[in-house]
Amino acid sequence: MKNTALKSLLLASSLLSSAGLVHAADVTLTVESWRNDDLQIWQEKIIPAFEAKNPGIKIVFSPTAPTEYNASLNAKLDAGSAGDIITCRPFDASLELFNKKQLTDITSLPGMENFSPVAKAAWSTDDGKSTFCVPMASVIHGFIYNKDAFDKLGISVPKTQDEFYAALDKIKADGTYIPLAMGTKDLWEAATMGYQNIGPNYWKGEDGRAALIAGKQKLTDADWVKPYEELAKWKPYLGDGFEAQTYSDSQNLFTLGRAAIYPAGSWEISLFNSQAQFKMGAFPPPVPKAGDTGYISDHPDIGVALNTKSTHAEEAKKFLSWVASPEFADIYANALPGFFSLNSNPVKMSDPLAQEFVSWRGPYKSTVRSTYQILSRGTPNLENETWVESANVINGTDTPAVAAEKLQKGLDSWYKPAK
């Protein structure tokens, strides 16, 4: 009787197996991220696209609030409880995790050939020999403008600094619009949408940034002071009370149609599309004079890595290789207009404002924010000090030369370039 029952059980098992009803359990990969705003995009677009081509691997997107992410992730990594896939901040925060052997070296991962050295710089060692995150997206700096205002006033998109100031003068003289929507209360706007926006045209992008890191240039050199001289000229165009104007105030001034030009990061696109009741366009930082090579801040913002303690490393590598593919680049960039693929394969953007921003790649040379790699590891922190001095220059409380001297003195107090 027992033998008969056993035979029946074995036969049933064999039939189920041959019918494909018994198979190895699916592997589930957990993605750690701070991008809680992206939960719906992951659930509706990214995860289904990957799982359709990779049966047996399931993805769970598990975001933490942005302000809590770094501390939460570090605690989980230290405890060995973090997810398989780690979403990477750019530069030093992720480099520290790699140096602690918490992120895997993926230099030779299939798909990494789709990214340039500049695209990988935010997630590579200082010598560029090891890369530990797949680049996902960058944000591009420039200016968003009210097309209706430009049409009404007969203003053409400015290509040079002279044309830029001529446009601002015309807007100011008309009186209908504040020429530039930017305040200095929150400090970071003045640096990020001001100094780091127009600065690369003067310090020549990556050439100047590399020279500063190498100690071959100083922040007191003309190429680094000149952007502050330009920022100082913005003051008359910012409107009354700009010193007390917050970041959200600036956004509202522009989307309500009260300002004509917004010094911008491309991350604003989705919000502005949902709020502005007028046509918008964008233009890159005007060059000092006609014929000059143009530069844009095309700043790496987000990447993904493999947790060295993942128990599903092979499956996780399959996912990372897919993130490095043109298919992922197209899905992500179009789902989040203003967060641009760093993949070398061009992505056609369905959003016209996003397409305008990304069209600057090629004609303009890309660089990253000058303070983000290496130069903000000590105290005083150069990034944070640049916020303060950029606001001081616009407010008129420091001259461009004095601001540059303060920044260089602070950097010299702890940073010694490698020999």
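**Close-up views of a predicted model**

**View 1. The second largest pocket and its lining.** Sorted by class, the residues lining the second largest pocket are twelve nonpolar, eight polar and two charged. This is a predicted model, so please read every view with that in mind. The second largest pocket holds about 350 Å³ of space. Its lining counts 22 residues, and Asp298, Ser341, Leu342, Asn343 and Arg361 are the closest to the centre. Which elements each supply at least two residues of this lining? They are α5 (117-120), β8 and α16 (352-358).

**View 2. The largest pocket.** Here we turn to the largest pocket, with a volume of about 1,100 Å³. By class, the lining of the largest pocket has 15 nonpolar, ten polar and eight charged residues.

**View 3. Who builds the lining of the largest pocket.** Several helices and a strand each supply at least two residues here: α3, α4, α8 (188-198), α12 (247-255), α13 (269-275), β8 (295-306) and α17 (382-395). Which of them gives the most? That is α3, with three residues. Look out for β8 in both pocket views: β8 supplies at least two residues to the lining of the largest pocket and at least two to that of the second largest pocket.

**View 4. Helix α4 and its buried face.** Helix α4 spans residues 92-99, and its buried residues are Ser94, Leu95, Leu97 and Phe98. Why do they line one face of the helix? Looking down the axis of α4, the buried residues fall within an arc of 160°, so they share one face. Among the elements that cover these buried residues are α3 (66-79) and β3 (85-88).

**View 5. Strand β7, covered on both faces.** In a regular strand, side chains alternate between the two faces of the sheet. Strand β7 covers residues 280-283, with Met280 and Ala282 on one side and Gly281 and Phe283 on the other. Are these residues buried or exposed? All four are buried, and both faces of β7 are covered. Strand β4 (residues 134-146) runs antiparallel to β7, and four bridges join the two. In one of the pairings to look for, Phe143 has Phe283 of β7 as its bridge partner.

Definitions and conventions:
Residues are numbered from 1 along each chain as its sequence is written. This is a predicted model: local features need pLDDT of at least 70, side-chain atom pairs count only at pLDDT 80 or more; totals for chains, interfaces and linings use all residues. Side-chain values use heavy atoms; hydrogens and water are left out. Buried means under 20% relative accessible area, exposed over 50%, partly exposed in between (1.4 Å probe, protein chains only). The arc is that of the directions from the helix axis to the C-beta atoms. Contact means heavy atoms within 4.5 Å. On a 1 Å grid over the protein atoms alone, a cavity is a set of points where a 1.4 Å probe fits but cannot get out, and a pocket is an open set with protein on both sides within 12 Å along at least five of seven lines; lining residues have an atom within 4 Å of a point. Grid points are joined across faces, edges and corners, and a volume is the space filled by probe spheres set on the points. Ala, Val, Leu, Ile, Met, Phe, Trp, Tyr, Cys and Pro count as nonpolar, Asp, Glu, Lys and Arg as charged, and the others, Gly among them, as polar. Two strands pair if DSSP finds at least two bridges between them.
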